Amino acid sequence: MPRPRSAALSSSAPAVSEQAGTSTGPVRLGPGAKAALTPAAVEVRAGFWSTRREVNARISLPQGPQLLESAGNLHNLRLAAGAVQGEFRGAYPFVDTDVYKWLEAASWQLAQGSSAALEADVERIVALVAEAQQPDGYLNTWFQLVKGGERYKDLRWGHELYCAGHLIQAAVAHHRTTGRAQLLDVARKFADHIDSVFGLPGSGKEIDGVDGHPEVETALVELYRETGERRYLDLAGYFVDRFGHGLLGGEAYCQDRVPVREADTVEGHAVRQLYLLAAAADLATETGDAELRATGERLWRAMTTTKTHLTGGLGAHHDEEDFGDPYELPNERAYCETCAAIASVQWSWRMALLTGEARYSDLIERTLYNGFLAGVSLDGERWLYVNPLQVRDGHTDPGGDQSARRTRWFRCACCPPNVMRLLASLEHYLATSDTGGLQIHQYADGRCTGDLDGTPVAVNVETEYPWQGAISLTVEETPADRPWTLSLRVPQWCAEYRVRCGDTEYDQSNAPTADGWLRLERTWAPGDRVVLELALAPRLTAADPRVDAVRGCVAIERGPLVYCLEQVDNPGGGLDDIVLHPARPLAVRHRPELLGGVTTVVASGHRRRIPDAGWWPYTSVGSEAPETEDDALVELTAIPYYAWANRQDGAMRVWLPTS
């Protein structure tokens, strides 16, 4: 019996898809993938993310070749190709990856009809990379030029396979977007060389080893997906399972303390951990390995419950760029490397595809709008390597890669081209489909197209999210005689929502979510419209009391955005003596003239009257100056965290003590 045209709510979990994905993005599932969801095609047309991506395309990406030239990266490739004479330039053995990440970013941009100048830059640099490759496939300018061609003698620090991974990912992107095989041929030749060298004892291979910086593993899975060569998938599996066996000295820093499958928490260098876990998720997806899937679920939960900052940022220690202990989440000394935010998005997206669960996309949303986006300035020309949650009054900045001030480029320039490649490919992280319908993970103004066993479905999305909570979806393509489910993610932060489907209205009382998804099932017709309204009232957030650094403090949030105070918006002194009045209402003001157009949150607080303690800054409890609620009342203006450090230098803080 056909389902009636009135909307029905579905609570069923998405079906497992055995079909290859049609996405041209960074993740394209293999034909036998055991994934719940397949990436859908999305065109972002307007709104918040369109603006950020336009800046990336117009400003950030075109500057890449000049910056890579001035830093010496392209010079090194010319040296390796024998085209020039001179000395290697750069402080690190992995500077080639800056070129490869830029190539990947530019390749995703080419798929969106970018300029002829960008295309010419891409093809020129692709040719240079090909010229630098050695006859047997090996390619690493540091070892070719500085180490006299000595290979794989320093796997802990040499980053040879890390560099190979980024080359492979650039090659896959270039091939998927242009159809040209030159860079893919380079990547395959290098991968074939690696496959001939690395393997288990008794396999006849020369080296049983792994790279100190995981990356090649997830790249090899994608190379398998692009070429159908099973040995690339097997090689990725070998590398993932050899971490934790003491091949790198048994250190957590480089993921060698415990085998992946036995780990019970994330640890060590945050980016290395997350790249490795992204590969584990890829392998679980392609092979159906239940143990690796369970590992991913277990470690993701351990990370989010004990080691993730409010912004989605990851990393507690500047020293070794690592996670730290459970609930060790400092403010001014938070590391929160921009690359770690990107790696978190990549891992969570793979877990979302594998499981179909909305919680992974909840973290993606939080990370994208906060921990990730803060890494690039609004003008697209300056960057943050680390993303602290507080800059104290009178802060003296050391400069360099770990600066709390935006920088044009870095000695270790991993973050800027990494930001470029995520922004250029962002549309591939927004929606999915399965055999039963279309799922909208992130809300952006544009068009989403999914595949139901060969039948296209398409939905047009109109929204001013995150400034407004209304998301309007109009069905544009649909089978005429088959019901399917439109699934909308209701964010974890959202306490109230309403949805209107045709003439029927629901809210959370009669349309509850199942695992974060609001599922609407019906036989759709072109022109059918759904409006989801998410309540965006500003809110105060407190941390788990085990987070010592912010006990007794609150943060301001609105929708997916974390807010902060900047000194420039709160004159009259610094921020260290500000105390928030949590009982007073929060107000919302849209400021089109401020920071490219933002919605601010206005709160009430006061500046603490601190008695003169003489030479000793500690006092007995109860001896502080008395306070009255209206004493020195000040209006506090909070801006979105992603927009901080775009004006004058000064203090900033996310977490505020309360009176």
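Start by selecting A358, in the loop between α13 and α14 (359–372); helices here are DSSP runs of H or I with at least four residues, strands are runs of E with at least two, and both are numbered from the N terminus. A358 is buried, because its relative accessible area is 0%. The cut-offs are these: buried means under 20% relative accessible area, exposed means over 50%, and partly exposed is in between, with a 1.4 Å probe and protein chains only.

Before going on, a word on what you have open: this is a predicted model, so local features need pLDDT of at least 70, side-chain atom pairs count only at pLDDT 80 or more, and totals for chains, interfaces and linings use all residues. Residues are numbered from 1 along each chain as its sequence is written, and side-chain values use heavy atoms, with hydrogens and water left out.

Which residues does A358 touch, not counting residues up to four places away in sequence? Show R489, D515, G516 and W517; contact means heavy atoms within 4.5 Å.

Next, pick S487, in strand β10 (residues 484–489). S487 is buried too, with a relative accessible area of 4%. Leaving aside neighbours within four places in sequence, S487 is in contact with L438, Q439, I440, W517, L518 and R519. You already have W517 on screen as a contact of A358.

Now for some helix pairs. Two packed helices are described by the angle between their axes and the distance between the axes. Colour α13 (residues 338–355) and α15 (residues 415–424): their axes come within 9 Å and cross at roughly 30°. The axes are lines fitted to C-alpha atoms, for helices over the stretch in contact, and angles run from 0 to 180 degrees between N-to-C directions. That angle makes α13 roughly parallel to α15. The wording goes like this: under 35 degrees is roughly parallel, over 145 is roughly antiparallel, 65 to 115 is roughly perpendicular, and the rest is oblique. On the α13 side, show T338, C339, I342, V345 and Q346, and on the α15 side C415, N418, V419, R421 and L422; these make the contact. The crossing of α13 and α15 is left-handed, meaning that the near helix is turned anticlockwise from the far one by less than a right angle, while clockwise would be right-handed.

Move on to α10 (residues 230–242) and α11 (residues 270–287), where the axes come within 10 Å and cross at roughly 135°. Are these two parallel or oblique to each other? They are oblique, and their crossing is left-handed. Show R230, L233, A236, G237 and V240 in α10, which meet L276, A279, L283, E286 and T287 in α11.

Stay there and select Q255, in the loop between α10 and α11. Check its backbone: Q255 has a positive phi of about 65° although it is not a glycine. Q255 is buried, with a relative accessible area of 6%.

Then go to P466, in the loop between β8 (455–463) and β9 (470–477). The peptide bond from Y465 to P466 is cis, with omega near 10°.

Y465 takes you to the rings. Show F48, W49, Y369, Y443, Y465, W467 and Y642: ring pairs link them into a cluster. Rings of Phe, Tyr and Trp (its six-membered ring) pair if their centres lie within 6.5 Å; planes under 30 degrees apart are stacked, over 60 edge-to-face, and the rest tilted. By this rule there are 24 aromatic pairs. One of them is W615 with W616, a tilted pair at 5.6 Å centre to centre and 50° between the planes. W615 is exposed at 76% relative accessibility, whereas W616 is partly exposed at 47%.

Last stop: R522 and W524. The charged end of R522 sits over the ring of W524, 5.0 Å from its centre; that label needs NZ of Lys or CZ of Arg within 6 Å of the ring centre and within 35 degrees of the ring normal.
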